[in-house]
Amino acid sequence: MENNEMLFETGLLTQVEDAGYPMVGLYFDFPERDFSEYFSLNLEENHSVDINILEASIDRYVHFGYTSVLENELVDLMLDDTSLLDEPMDVPDDVELNSITGILSNAEEVTSSDLPGEFYIQTEEEITEVFPYYITERIAEANGSSVVAIYVQRTVNTIHSFEVQ
């Protein structure tokens, strides 16, 4: 799903993980369907929920509304066959890698917030891919240059409403 349609679910909250304020990772089990799933929650966007409420909700059923989108996760970013990343991401051999070659844009400034910035790569055919990432000085210096991005696509589930049962 690649839109912002709100979905609703009830699951057993099994784990709360600090993902760097204001983000929190939540793991839910869905025993009746025999699977588990990871969701993220931005505490700044959900003022009715705090870390104490989340931790007190472990091992309880929670009804929540969320969106699910496909997002590009950067593995490496290359300029003239040289990585612009301090540490390219390790991925298992069985993970499908994608790549795009094009002009890097929207990376003029180093990310100074707790949340990642966002840069774009546009091909000659005017296909644009968006990458959420903490923009470093090396990436900012490459803004406007032709680069190669190697990436994977992953589903990002973001909780927007939260109610303990």
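Author: Buried means under 20% relative accessible area, exposed over 50%, and partly exposed in between, with a 1.4 Å probe and protein chains only. The model is predicted: local features need pLDDT of at least 70, side-chain atom pairs count only at pLDDT 80 or more, and totals for chains, interfaces and linings use all residues. Residues are numbered from 1 along each chain as its sequence is written, and side-chain values use heavy atoms, with hydrogens and water left out.

Reader: Which class does Val130 fall in, by relative accessibility?

Author: Val130 counts as partly exposed because its relative accessibility is 32%. Val130 lies in strand 8 (residues 128-133); strands (E, at least two residues) are DSSP runs, numbered from the N terminus.

Reader: What does Val130 touch, not counting residues up to four places away in sequence?

Author: Contact means heavy atoms within 4.5 Å. With that sequence exclusion, Val130 touches Asn72, Glu118, Phe119 and Tyr120. Phe119 is eleven residues from Val130 in sequence, and their C-alpha atoms are 6.0 Å apart.

Reader: Is Thr67 buried or exposed?

Author: Thr67 counts as buried, because its relative accessibility is 9%. Thr67 sits in strand 4 (residues 61-79).

Reader: With which side chain does the side chain of Thr67 make a polar contact?

Author: A polar contact is a pair of N or O atoms within 3.5 Å; within protein, one must be able to donate a hydrogen and the other to accept it, and residues adjacent in sequence count only if both atoms are side-chain atoms. Here the partner is the side chain of His160, at 2.8 Å.

Reader: What pLDDT does the chain average?

Author: pLDDT is the predictor's confidence in each residue, from 0 to 100. The chain averages 93, and 98% of the residues score at least 70.

Definitions and conventions. Helices (H or I, at least four residues) and strands (E, at least two) are DSSP runs, numbered from the N terminus.
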